[in-house]
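Thanks for coming. I will go through one structure this morning, one chain and then the other, and I will stop at each term as it comes up.

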Amino acid sequence: MGLVRFAARRLLLALPTLLGLLVVAFVLANYLPGDPLARLLGDVGGSDPVARAAYEKEWGLDAPIYERFWVYLQHLVTGDMGQSTLTRRGVADDLLEFFPATVELALAAIVVAGVLGLVLGSVAAFYHNKWPDLVVRTIALVASGVPVFWLGIIGLQVFYLRFDVLPGPEGRLGRDFEPPTHITGLYTFDALVTGDFGTMWDAMRHLLLPAFVLGSFFLGLLARMTRASMLEVLRAPHLVTARSKGVSARTLLQYHILPNALIPTVTVLGLAIGGLLAGAVLTETVFSWPGIGRYAVDAAKALDYQAILGVTVLIGAVYVITNAVVDIVYAALDPRIRLGE
Amino acid sequence: MSTTPPLTTGAEPATQTPLGVKPIFEVDDLQVEFRTSAGVAKAVNHVGFSVAPGECLAIVGESGSGKTATLLAALRLLPTPPSRTTGGRVLVDGVDLFSLSRKELRDVLGRDISMVFQDSLSAFNPILTIGRQISEGVRRHRGLSKKAARALSIEMLERVGVPDPQQRVDQYPHQLSGGMRQRAMIAMALAGEPKVLIADEPTTALDVTVQAQILELVRSFQDLSIVWVSHDLGVVAGLADRVAVMYAGSIIEQGPVRDIFHDARHPYTRALLGSVPRLRDPERGDLVSIPGLPPSLVDLPPGCPFYARCGVREDRCLSRMPELVDVAPRHQAACFVAADEARTA
């Protein structure tokens, strides 16, 4: 079938993109300003040429960049992303520990942004130029216009300090709760599977505000996209054709309006996944969320090059893969893409 | 081109409407307005016509004359707002469409009356297969199973002369050529075996040879009552039994096709046909184009809308819109001058 071939081709095309990403990330990390040796060896050792040369020799830093890249690549395919100078552990192990927290936060943000964005956008389109449309457009503008860190702080002020209905910036769980048995690393999911509903509820309460704050930008974007594409479909000539055949209202919505209106929205939703992972840095900082955003900030402050590179490669790879998946979903939804030349 | 059997057989071709036959489709005093930023546009003004069983009525007129708005409004397919149907009655086989609920209307559309549109690419849903779209209306009307619906789609594609219907039924609109797509749309409109087919410029977007094939196809459905909207007079001459001419939202002349083409009475119809207006000025030369523009529908003059462009206008034409009056048997025109001439002839 057309879709399988399309998917295979698209995934194959993602490979050179991934390689290109690695090259750019590696070269950038190499030429970043800052002197990691000064930091690692201390002020005295860092200014001692003998110590520096010894250290560079020890870690292979005296080799030319293409040689070091080749070494990095060889280790990467075996799952070894090097050592973090900050945590003194393998970068891959660090990422495995911190990434689930970010994934859980990003997924929650996607759900918030996706559900609310689609519903609000549809409402606005069906009440085009009436007051619900105006309300949605205002919400969308504010949601995508307000900076994340400001929204996070205001959210904490209102819901934590003033009304005390949501937990403060204390991470993923309250002090009285232990993390559930590790299955996926997503606390809500793991707690649900192990039947630990108290922990699940607490994890969800901790997720709510950060997810809203992180998802707000895409919520606004999705609401506006959905509204625009819905309005376009509602005006489309083929809708008149469908109605002229006397199809039911449900068929009209389910097969003629929604699928056509959702095609552009799916694209944005897919891109949002990458954007949310990258955007998690600010949100995680505000909410003390132990994800890779915070890990990246700590690594950058410590000039921990292996860790920075590892985070960059991970987020980049997720971006490339979600892009490929978006294209495939797009093709599944739209035969013109799937069967086009 | 493959043969195209008629949808139903055994009926004699009805080329003329016998007087006294009950019409199958009747539009009476229809009025439609559009709210625009410039004001309220009166797009359809007191339009009325009827179609007898097996008859083909052509509605001609230039773009913006209200042909499409009339028919879409009649079937309640115009978006409201910006449009508003302010008056009139539409009967399909005796059923008043304007008195039906939305649900009852859906039972009539696609079953008793259906529509074919001009641009087949935008008129099809791009993400559903041709077969699905052909049968989806009928599936609801007759409660067909998925399998029966597919069989019906294949059968309909075969009837309208689409080659390889077994294969085409699973394809998407963009995979068919323009002519094939227009055939598929006719198959879709006829799948419910309607009594009335409304065709809104269905051949305008096609090249001439394909257009001829489509016309031949439509002619082969002899039992069907057809309302054919067009601005192509050549197509109309070869297809229609009767012709109604629209100008600025009103029907200004209607009659048997021979009368309209050989004995047009309204100065606009004459100008449209490029004929010589002989009413009062026999020396006047051929008109290649009609000077001036139609009046703005937002600000229609109280009198005849053709006044500003008319070669035989008189002062009385400014006072009120002339009504359609008989100028010959079964032939009416909305023109004071033509009416006088008919009386004195």
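Let me begin with a term: two residues are in contact if their C-beta atoms, placed from the backbone, lie within 7 Å. Helices (H or I, at least four residues) and strands (E, at least two) are DSSP runs, numbered from the N terminus.

Some housekeeping. This is a predicted model, in which local features need pLDDT of at least 70 and side-chain atom pairs count only at pLDDT 80 or more, while totals for chains, interfaces and linings use all residues. Residues are numbered from 1 along each chain as its sequence is written, and chains are lettered from A and ligands numbered from 1 in the order in which they are written.

Chain A, then. Chain A has 14 helices and zero strands. Its C-alpha trace spans about 85 × 60 × 40 Å along the principal axes. A residue is buried if 20 or more other C-beta atoms lie within 10 Å of its own, exposed if 12 or fewer, and partly exposed in between, with C-beta atoms placed from the backbone. Of the 341 residues in chain A, 36% count as buried.

Now a pair of helices. In chain A, the axes of α12 (residues 292–301) and α13 (residues 305–333) come within 9 Å and cross at roughly 145°. Axes here are lines fitted to C-alpha atoms, for helices over the stretch in contact, and angles run from 0 to 180 degrees between N-to-C directions. On the α12(A) side the contact is made by A:I292, A:Y295, A:A296, A:A299 and A:A300, and on the α13(A) side by A:A307, A:I308, A:V311 and A:L314. By class that gives nine nonpolar, no polar and no charged residues. For the classes, Ala, Val, Leu, Ile, Met, Phe, Trp, Tyr, Cys and Pro count as nonpolar, Asp, Glu, Lys and Arg as charged, and the others, Gly among them, as polar.

Next, where the chains meet. How many residues of chain A are in contact with chain B? There are 21 from chain A, in contact with 26 residues of chain B. Of the side of chain A that touches chain B, the largest share, seven residues, comes from α10(A). That side divides into nine nonpolar, eight polar and four charged residues.

What do the buried residues of α10(A) pack against? They pack against α11 of chain A, together with β6 (113–116) and α3 (120–123) of chain B. The buried residues in question are A:H238, A:T241, A:A242, A:R243 and A:S244. After α10(A) comes A:G246, whose phi is positive, near 75°.

Over to chain B. Four of its strands form an open sheet in the order β2-β1-β4-β5, with antiparallel pairing. Two strands pair if DSSP finds at least two bridges between them. In chain B, β2 (39–51) and β5 (95–96) stand at the edges with a single partner strand each, so one side of each is left without a neighbour in the sheet. Eight bridges join β1 (residues 25–36) to β4 (residues 83–92) in chain B, and B:E33 stands opposite B:R84 in β4(B). Helix α1 (residues 67–74) of chain B lies across β1, β2 and β4 of that chain, at about 110° to β1(B).

One last residue. B:P126 sits in the loop between α3 and α4 (130–142) of chain B. Not counting residues up to four places away in sequence, B:P126 touches A:R336, B:Y172, B:P173 and B:H174. That is where I stop.
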